[in-house]
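Open the model in a viewer and keep the selection tool at hand.

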Amino acid sequence: MNRHIFTAFFFCCIFTAHAQTQNQQDSAWIRDNYTKKELYIPMRDGTRLFTAVYQPKDQSEKHPILINRTPYSCAPYGEQNWRALWDTHWKYYLREGYIIVLQDVRGRWMSEGNFADIRPFIKDKKTPQDIDEASDTYDAIDWMLNNLQGNNGNVGVFGISYPGFYATMAAASGHPALKAVSPQAPVTEWFLGDDFHHNGAFSLLDAFSFYAGGFGYPRPAPTTKGPEPAVKIPENDNYQTYLDIGALPNFLHLTGDSVQFLKDIYAHPNYDEFWKHRNARTSMFDIKPAMLVVGGLFDAEDCYGAWNLYKAIEQQSPATNNKIVMGPWYHGQWSRSNGSSLGNVQFGSRTSEWYQNNIEIPFFNYYLKGKGTDPQLSEATIFFSGENAWKKLDQWPPAAMVSTPIYFQSNNQLDWKKPAEKTAFTEYISDPAKPVPYAETIHFSRTKEYMTDDQRFAGRRPDVITFQTEPLPGDLTLAGPVIADLQVNISSTDADFVVKLIDVFPDDFAYNSGEKESINKPYPMGGYQMMVRGEIMRGKFRKSFEVPVPFKPNTAEQVKFTLPDIAHTFKKGHRLMIQVQSSWFPLMDRNPQQFVNIYTAKDSDFKKATIRILHNASKASAIYLPVLK
């Protein structure tokens, strides 16, 4: 055996054995010092919600309550069957003596009632039948304060992803005992940026796998068993499988009438009242608890939600103690791994553990236990990839940020100066029959690593156009939203536009060291094209998400949209690259490139289109970068 392979294997075994031993010790301690109870908590309309309570045996002091409300189950069920809380950073809360509460939300698993996806918030509740997730949280907290022995009267709520939405709704409940809330990667807006749509384009891979994969099937009565998905499709190559299924109606045909919310998505192709009522940000007025919004810079699912929930609270509830933390993480990575890398990209430290020990646990300890001094968290604690450093900022975006255009030029160049040519463009042919893949590898489940993947594979296609700078003479730090301002001319009546911001590493780049360990040959990082941010815009929504409008073929038009915020430093000697394409499959559904309702389109509706990106003196395409001066 090669000596280096043996050494890596040896230390891996030691680390694994140590982690297993530590988890066994934590498991034994928790079981010795806690009890588990299962109970039903009544809501104001008589519906009862199933709740699992992990409570300290120690009654020498009062204990805070920390709640996680979830549609994903409180399993395992049965008071003798314990969730492995010792395998997560939740074990530190147990060591601190928290009462940990898990609750199946209304209509899911063992709770009574009817489930509604992102149930709309009701601002003015007039009768006990006017219920929402905020009222359910209020009623649950009220019951716990009066019935859970030994609580100290302070309550916190946290959750990641969909449970992050329920944490947001908890903050809107107005219960006076709720002192601290942390929505993490929160589901916030399902048409403009989270999970199932981005700027009106349908996130086909995630939506279909989520709803047809089990979540969307009805649950007629409380149960401890999840549904059996009725859809059986090949699970080897999602690109070919989804391409073979074809137009969107074919996907709905596979699920039939079983999956209601998938049907709702198809029935509401535009940003109508259905979607507006499900915008969680509309509830963020007069928020009383301290707020800690957490997200990942490279979250493939709810990056939009974290940035924009924080901004909504700042705008709508300016007196709220509201903070944001964004690390270099995939969806929920801050609670699942040490956070030292994502895919091939290394971050130089164990960022998740730093966050847990320095931000989250002190936050709840102070507001729920009165432990320690006021954490006085910075307004924004943001990790800047590229330079691999945390920055503590007084506001987000930073006051020193200047939105600065960089312009497309001929010969695939980017420059800070406007192009001088009178007539210039770069064109490509977008063929829905051969869409651009979102990742290079063959796989079925959507990868999380695509958010930082090497984009060289895409740049080699004729339907992806590339513009880049010369090697940078000094570091370039970007902090805030990126705005794509494209001047386009297309041969059809509709098209999608995918813009990717890429950090091109020097040809001789190599990581000297890092947390990432592998017995395999390291990925060649010389010339690596790291995607820093990518986003799609459905062209017909360029003027309005409520009322789509067709393009006039062969006529210059503007397509302007905002990409989620970034925090990244392009180091000296690196290049900044922009890629533009018109498909990103099967991450996003294919545009037929005709002005039609895509949810009812036929396979025969999909047509090729010639896409021109204009870059001349009068029609200058640009990307507005949030340059930190």
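A search of the whole structure finds 32 salt bridges, a salt bridge being a side-chain nitrogen of Lys or Arg within 4 Å of a carboxyl oxygen of Asp or Glu. This is a predicted model, in which local features need pLDDT of at least 70 and side-chain atom pairs count only at pLDDT 80 or more, while totals for chains, interfaces and linings use all residues. Residues are numbered from 1 along each chain as its sequence is written, and side-chain values use heavy atoms, with hydrogens and water left out.

**Salt bridges**

Select D26 and K91. Their side chains meet in a salt bridge, 3.3 Å from N to O. The pair links distant parts of the chain, 65 residues apart: D26 is in helix α1 (residues 3-33) and K91 in helix α2 (residues 90-95). Helices (H or I, at least four residues) and strands (E, at least two) are DSSP runs, numbered from the N terminus. D26 is buried at a relative accessible area of 5%, and K91 is buried at 13%. Buried means under 20% relative accessible area, exposed over 50%, and partly exposed in between, with a 1.4 Å probe and protein chains only.

Next, select K36 and E38, whose side chains form a salt bridge at 3.3 Å, N to O. K36 counts as buried at 6% relative accessibility, whereas E38 counts as partly exposed at 22%.

Then go to R542 and E557, a salt bridge at 2.9 Å, N to O. R542 is in the loop between β21 (529-538) and β22 (557-570), and E557 is in strand β22, 15 residues apart. Both R542 and E557 are buried.

**Aromatic rings**

The structure holds 60 aromatic pairs. Rings of Phe, Tyr and Trp (its six-membered ring) pair if their centres lie within 6.5 Å; planes under 30 degrees apart count as stacked, over 60 as edge-to-face and the rest as tilted. Select F261 and W275: the ring centres are 6.1 Å apart and the planes at 90°, so the pair is edge-to-face. F261 belongs to helix α8 (residues 260-267) and W275 to helix α9 (residues 273-276). F261 and W275 are buried.

Two charges over rings come next. R108 lies over the face of F115, at 5.3 Å from the ring centre. The charged end of K448 sits over the ring of Y330, 4.9 Å from its centre. The rule asks for NZ of Lys or CZ of Arg within 6 Å of the ring centre and within 35 degrees of the ring normal.

On a 1 Å grid over the protein atoms alone, a cavity is a set of points where a 1.4 Å probe fits but cannot get out, and a pocket is an open set with protein on both sides within 12 Å along at least five of seven lines; lining residues have an atom within 4 Å of a point. Grid points are joined across faces, edges and corners, and a volume is the space filled by probe spheres set on the points.

The largest pocket has a volume of about 830 Å³. Select Y72, I160, S161, P163 and R336, the closest to its centre of the 37 lining residues. Helix α5 supplies the largest share of this lining, 6 residues.

Finally, the largest cavity has a volume of about 170 Å³. Of its 20 lining residues, H198, D299, A300, Y450 and M451 lie nearest its centre.
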